[in-house]
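Let's take a quick tour of one model. Have the sequence and the 3D view ready.

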Amino acid sequence: MSSTSFAHHLAVTSALPRLRVGMAETVNIGFLAPLSGPVESWGLPGLNGCRIWEDWLNRAGGMLIGGRRCPVRIHPVDCGYDPARALAGAQHLVQQHGVSLLMMLGGDTFTPVREYLMENKVLTSTLLPTDLSPDTPYLIAPSELHPIYNVTGVQWLAKNHPELKTVALCSQTDELGLPSLATYRAAFKAENVKILHEVQYAPEVTDPGSIVQPMLEAEPDILCWCTSNTPMVHAMTEYAFAKGYKGRILSCTMDGYERLVARTSVEFMEGVTFQFPDFDDPMLRQKAFFFNQPKAFFEEYNRRFPGTWSAVSWEYAAILDIWHAAVEKAGNVRTVSVLAAMKQLGQVSHAFGPAQWWGDDIFGISNALVGDWPVVTVQDGKARIVEFGSVPDWLAQHGALLHREMSDLGQLWQQRLHRSAGAGVAEMRVADR
């Protein structure tokens with residue numbers, strides 16, 4: 001919550017005598033996300049990162065709440081990005097474990113649980129701020145402003161490579177893909193990059209040729225995968241390589257890019273642009289950062305969970321960091337108190353520096369943190385940050401354009417709530433939180 005990171009907090013407190021010990025009851029945290037299936041890379045690596053966070057905190061004595069130290073325990077449930085499994089999982093975590101925080105990927109798996117979680121005042125986090133609405137007062141998006149930070153990649157490309165004047169886009173038609181498509185549309189239009197072709201494909205489609213071939217035939221300077229899931233990003237990139245594509249590739253994520261370098265070539269992957277850095281990146285050492293030791297986290301992660309680092313490996317842990325600071329400030333884990341503690345500080349240090357609560361214009365509620373976000377390119381086979389772009393500055397200049405593109409694809413909060421009106425939820429309540 002302050003500029004002091006959790007890692008720094010542990011380094012200081014572990015060196016001091018623990019005068020206020022006395023272990024209280026365990027603080028339970030729910031992790032409801034895809035741990036298997038095609039969207040696994042946006043869930044399971046995040047749980048891995050949370051295990052490191054959990055171990056670090058418990059080794060330091062746990063959370064200090066009201067003068068007592070409480071151990072934390074993370075309870076995972078695999079929803080496989082299936083709405084029915086998400087609802088069952090949410091009910092299990094709330095009723096059986098009484099979780100004080102429920103972390104979700106969000107999107108299609110949040111819609112069926114929204115009413116249940118909000119009625120029971122369960123503090124819930126999402127990686128997809130487009131889940132937010134005035135009907136979700138206890139839902140927060142403190143880690144990433146997906147997909148809006150993608151504007152920084154487009155802006156950087158336009159500024160540094162003005163010769164790139166055309167683009168072909170593709171996106172899956174779900175709650176991950178459509179907001180991303182709207183954002184990329186707005187970002188390219190803001191930079192006067194012409195959209196030559198666009199493919200919207202069903203999430204179950206697995207044939208890259210049916211998507212990429214018409215994009216290639218448009219002969220764009222840029223191929224943009226938007227927020228396609230990892231297996232499709234790999235398949236489409238390899239298809240473009242096999243067809244001899246020579247232009248730029250832009251994507252929200254590029255998890256496992258090293259495998260793509262090996263399967264294509266260093267030359268083909270040179271300049272591929274996306275939004276998620278490795279945590280051994282030299283530029284993170286110079287950034288006001290929520291971990292004082294990003295490299296140490298990266299090294300421990302890769303030692304314990306080799307070959308699984310992804311865009312979300314650190315994001316859920318970042319949410320825990322912000323929540324932990326708010327709990328200690330509030331002196332309890334009650335949703336209303338913790339949320340108030342988060343908001344009272346105004347500016348919060350999120351993943352890549354100072355951020356502010358934002359969202360009324362697009363989400364109908366300011367429960368998302370917005371700040372700088374990194375632009376990453378592949379350089380000689382290794383991901384490197386080339387810039388930290390300001391999302392607030394872009395929104396100040398082009399917010400109306402983003403609003404229009406979100407509206408065209410039915411992604412404004414009013415439109416999403418209208419579509420989901422009448423969706424059935426279990427009529428169960430738990431104790432006031």
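Here is a look at one strand, its neighbours, some rings and the cysteines.

## Ground rules

This is a predicted model, where local features need pLDDT of at least 70, side-chain atom pairs count only at pLDDT 80 or more, and totals for chains, interfaces and linings use all residues. Residues are numbered from 1 along each chain as its sequence is written, and side-chain values use heavy atoms, with hydrogens and water left out.

Start with strand β8, residues 166-172 (strands are DSSP runs of E, at least two residues, and helices are runs of H or I, at least four, numbered from the N terminus). In β8, 7 of 7 residues are buried (under 20% relative accessible area, 1.4 Å probe, protein chains only). T166, A168, C170 and Q172 cover one side, with V167, L169 and S171 on the other.

β8 runs parallel to β9 (residues 194-201), joined by 7 bridges; strands pair if DSSP finds at least two bridges between them. L169 has E198 as its bridge partner in β9. β8 also pairs in parallel with β10 (residues 222-224) over 3 bridges, and there A168 sits opposite L223.

## Rings in helix α6

Y184 and F188 both lie in α6 (residues 177-190), 4 residues apart, about one turn of the helix. Both are buried. Their ring centres are 6.3 Å apart with planes at 25°, so the pair is stacked (centres within 6.5 Å, planes under 30 degrees apart).

## Cysteines

The model has 0 disulfides, taken as cysteine sulfur pairs within 2.5 Å. C70 is buried at 6% relative accessible area, and C79 is buried at 1%.

Note on methods: Buried means under 20% relative accessible area, exposed over 50%, partly exposed in between (1.4 Å probe, protein chains only). Rings of Phe, Tyr and Trp (its six-membered ring) pair if their centres lie within 6.5 Å; planes under 30 degrees apart count as stacked, over 60 as edge-to-face and the rest as tilted.
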